[in-house]
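Visitor: I am new to this structure and would like to understand the words used for it. Could you take me through them step by step, setting each value against its cut-off?

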Amino acid sequence: MSLTYKDAGVDKEAGYKEVQLIKGMIKKTHVPGVLSDIGGFAGLFQLDTKAYEEPVLVSGTDGVGTKLRLAFMMDKHDTIGEDCVAMCANDILCQGAKPLFFLDYIATGKLVPEKMASIVEGVSNGCIKAGCALIGGETAEMPGFYKEEEYDVAGFCVGVVDKKKIINGSTIEEGDYIIGLPSSGVHSNGFSLVRKIIFDKEKMEVDQYIEELGCTIGEELLKPTRIYTNPVYNLVQKFNIKGLSHITGGGFYENIPRMIPKGLTAYIDTFMINTPIIFNLLQKWGGITRDEMYGTFNMGIGMVMAVSKSELEDITKYLKDQGEDFVLLGEVKKGTEGVVLCHQ
């Protein structure tokens, strides 16, 4: 008997069907510069060098971590791709870069075209929000390596910034102010701890309705990570944004010091943050200390920026005019700790 690739667990026809399902989703993300269509061996993007004196490419790659478990448990896959885009696009935004294009990688135990298309739908939606094009990707069917109903997702984003406009925090000085932009929830970090609290300690089911949240615990936790391109890149173009920090794994304590020069400390007043209810519930259910919460989660602030005192009024006015919520978190002072959180 002659064996086929399908006998080994890899269904090429399912792969072809997936391509047909996602073609339209990918097309919706195309922006000026895209030179290729789905089906080639590589994605092509033409950089508009005339728009920059010294264009510098900025790249970032990331995944979604164990938040994927929630998608598996709920059998809901149309937002997890948006998380993947957000984790990559927000990171390169911190250097002042405009996201240009994105590529995804999905590995699964069994290729179900409709499920894979649902994931790519989330990627497409994320790319549209980030203002970048989805120009390529790979779906790998890996029987015997992943469970049939499971998958992993990773992404890779490339952006561009003029060399003289690279943001690296080096110009931050004493007296600068710290502004925070709200998150949409837990985002895509800390889910190993979240799952231990929710499913191991509290013994909840994903479809358990939580009155304080107004939805099920699964719906709350699966909310996609906010993409900050629109407010932040516009600010970068109009003002001197000295530093940017994407609040991901490690929370405030790990991420804010990454933009603060040595000899300075960001003093943050956490009392000013309108912390979403989910974080208060997680802290209560898990018996977690406040420092552990701020060292693990975003606590309601997904992006932090440092600005000069002279531009503070204009920046906050611009944010108000654009209908963007923000929090004046604190200021930069002399010190060696990187960040100090003040809990009133």
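Guide: In this predicted model, M204 is found in the loop that runs between helix 5 (191–201) and strand 6 (209–210).

Visitor: What makes M204 count as buried or exposed?

Guide: The relative accessibility of M204 is 8%, and since buried means under 20%, M204 counts as buried. As for its place relative to another part of the chain, the C-alpha atoms of M204 and A117 are separated by 29 Å, while the two residues are 87 residues apart along the chain.

Visitor: Why is G144 called exposed?

Guide: The cut-off for exposed is over 50% relative accessible area, and G144, at 84% relative accessibility, therefore counts as exposed. G144 sits in the loop between strand 3 (133–141) and strand 4 (151–162), and its C-alpha atom is separated by 9.4 Å from that of K110, which is 34 residues apart from G144 along the chain.

Visitor: How many aromatic pairs does the structure hold, and what makes F145 and Y146 one of them?

Guide: The structure holds six aromatic pairs. The rings of F145 and Y146 are 5.3 Å apart, centre to centre, and because rings pair if their centres lie within 6.5 Å, these two form a pair. The angle between their planes is 65°, and as planes over 60 degrees apart count as edge-to-face, the pair is edge-to-face.

Visitor: How do you know whether F145 and Y146 are buried, partly exposed or exposed?

Guide: F145 has 62% relative accessibility, so F145 counts as exposed, the cut-off being over 50%.

Visitor: Why is the pair of F239 and Y318 called edge-to-face?

Guide: Their ring centres are 5.9 Å apart and their planes stand at 65°, so the pair is edge-to-face, given that the angle has to be over 60 degrees. F239 lies in the loop between helix 7 (229–238) and strand 8 (243–246), whereas Y318 belongs to helix 11 (residues 309–321), so the pair ties together parts that are 79 residues apart in sequence. F239, at 16% relative accessibility, counts as buried, and Y318 is buried with a relative accessible area of 15%, because buried means under 20%.

Visitor: What makes helix 7 oblique to helix 11?

Guide: The axes of helix 7 and helix 11 cross at roughly 140° and come within 11 Å. That makes helix 7 oblique to helix 11, because an angle has to be over 145 degrees to count as roughly antiparallel, and 65 to 115 to count as roughly perpendicular. The crossing of these two helices is right-handed.

Visitor: And why is helix 3 called oblique to helix 4?

Guide: Helix 3 (residues 80–93) packs against helix 4 (residues 113–130) at an angle of about 40°, with the axes 6 Å apart. That makes helix 3 oblique to helix 4, because roughly parallel is kept for angles under 35 degrees and roughly perpendicular begins at 65. Helix 3 passes helix 4 in a right-handed crossing.

Conventions: Residues numbered from 1 in each chain as written. Predicted model: local features only at pLDDT ≥ 70, side-chain atom pairs only at ≥ 80, totals over all residues. Heavy atoms only, no water. Phe/Tyr/Trp six-rings, centres within 6.5 Å; stacked < 30°, edge-to-face > 60°. Buried < 20%, exposed > 50% of the residue type's maximum accessible area, 1.4 Å probe, protein only. Helix = DSSP H or I, 4+ residues; strand = E, 2+ residues; numbered from the N terminus. Axes fitted to C-alpha atoms, helices over the stretch in contact; angles between N-to-C directions. Left-handed = near helix turned anticlockwise from the far one by under 90°.
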